[in-house]
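User: I would like to learn how to read a few features of a model. Can we take them one at a time?

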Amino acid sequence: MSKFLTGLAKGMATTGRTMVTHAHTQQYPHVRPDLPQRSRGVIALLEENCTSCMLCARECPDWCIYIDSHKETTPAETEGGRARQHNMLDRFAIDFSLCMYCGICIDVCPFDALFWSPEFEYADGDIRNLLHEKDKLGEWMPTVPPPAHVDEAENPERGSGAPAKYRGSAAEENFGGGRDHV
C-alpha cells in the first residue's frame with residue numbers, strides 16, 4: 001500500500017510542477033513563426049532556367065515531377081551556320097501530395113531552375129489540389145532567399161567545402177580544398 005501512495009505522490013508532484021510551468025505555445029495562425037534562415041518549405045521553379053533535361057524527374061524517388069516539352073528550331077545566326085533545336089517547356093508540375101521534400105531534384109538540377117522557398121502555407125482541404133503547375137511554382141520564386149555568402153577569411157574552417165573529418169589532410173584536395181588553385 002505504501003508503494004501505491006508513494007507512486008501516487010510522485011505522480012501528483014509531477015502534475016503540480018507541470019501546472020505551474022509556463023507553456024511555450026505558439027499562436028501560429030495569428031502570429032507567424034520565426035523560421036530559421038534558409039528553412040525548407042516548398043520547391044520553387046525559375047522557368048527561364050529550365051531546359052527540360054528531365055534530370056529532376058528521373059532522379060525523384062517518388063516520381064512526383066511531371067515535365068512535358070517540345071523542340072523548337074532556331075534559325076542560324078550567321079550565314080552558313082546550321083539551325084539549332086531547343087527544348088521548350090510546356091508543363092512542369094510537382095505533386096506535393098507525393099513529394100517527400102528530400103531535395104534531390106534541387107541538387108541534381110544543373111541549370112539552377114529549382115530552389116527551396118521558405119513558404120509553408122500551401123495546405124489544401126482536397127489532396128487533388130496539391131498538384132502545382134509551373135505558374136504556381138514560379139509564384140514562390142520571389143520568396144527564395146539569396147544564397148548564403150561564405151567568405152574564407154571570415155570562416156576559414158568552412159572555406160574548402162570538405163567535410164570536417166577531411167580538413168587538413170591530403171584527401172581535402174579531392175573536395176577542391178587546395179587553396180593554391182582558383
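**Reading the sheet, the rings and the surface**

Analyst: In this predicted model, β2 pairs with strand β3 (residues 84-95) in the antiparallel sense, over 10 bridges. Within that pairing, Y66 stands opposite A93 in β3.

User: What is the strand order of the open sheet?

Analyst: The order is β2-β3-β5, three strands with antiparallel pairing. The edge strands, β2 (65-74) and β5 (131-132), each pair on one side only.

User: How many aromatic pairs does the structure hold?

Analyst: There are five. Among them, Y28 and F120 form a tilted pair, 5.8 Å centre to centre with 45 degrees between the planes. Y28 lies in the loop between α1 and β1 (42-45) and F120 in the loop between β4 (114-117) and β5, so this pair ties together parts 92 residues apart in sequence. Y28 is partly exposed at 33% relative accessible area, and F120 is partly exposed at 30%.

User: Which kind of aromatic pair do F96 and Y101 form, stacked or tilted?

Analyst: Planes under 30 degrees apart count as stacked. F96 and Y101 are stacked, with 15 degrees between the planes and 5.9 Å centre to centre. F96 is buried, with a relative accessible area of 4%, whereas Y101 is partly exposed at 27%. Together with Y122 and W140, F96 and Y101 form one aromatic cluster.

User: Which residues make the nonpolar surface patch of about 610 Å²?

Analyst: M1, F4, L5, L8 and M12 make that patch. F4 is found in helix α1 (residues 2-20). Exposed means over 50% relative accessible area, and F4 counts as exposed because its value is 53%.

How values were computed: Residues numbered from 1 in each chain as written. Predicted model: local features only at pLDDT ≥ 70, side-chain atom pairs only at ≥ 80, totals over all residues. Heavy atoms only, no water. Pairing = 2+ DSSP bridges. Helix = DSSP H or I, 4+ residues; strand = E, 2+ residues; numbered from the N terminus. Patch = residues over 30% accessible without salt bridge, like charges linked within 9 Å, V, L, I, M, F, W, Y side chains within 5 Å. Areas by Shrake-Rupley, 256 points an atom, 1.4 Å probe, with all protein chains shown as cover. Salt bridge = Lys/Arg side-chain N within 4 Å of Asp/Glu carboxyl O. Buried < 20%, exposed > 50% of the residue type's maximum accessible area, 1.4 Å probe, protein only. Phe/Tyr/Trp six-rings, centres within 6.5 Å; stacked < 30°, edge-to-face > 60°.
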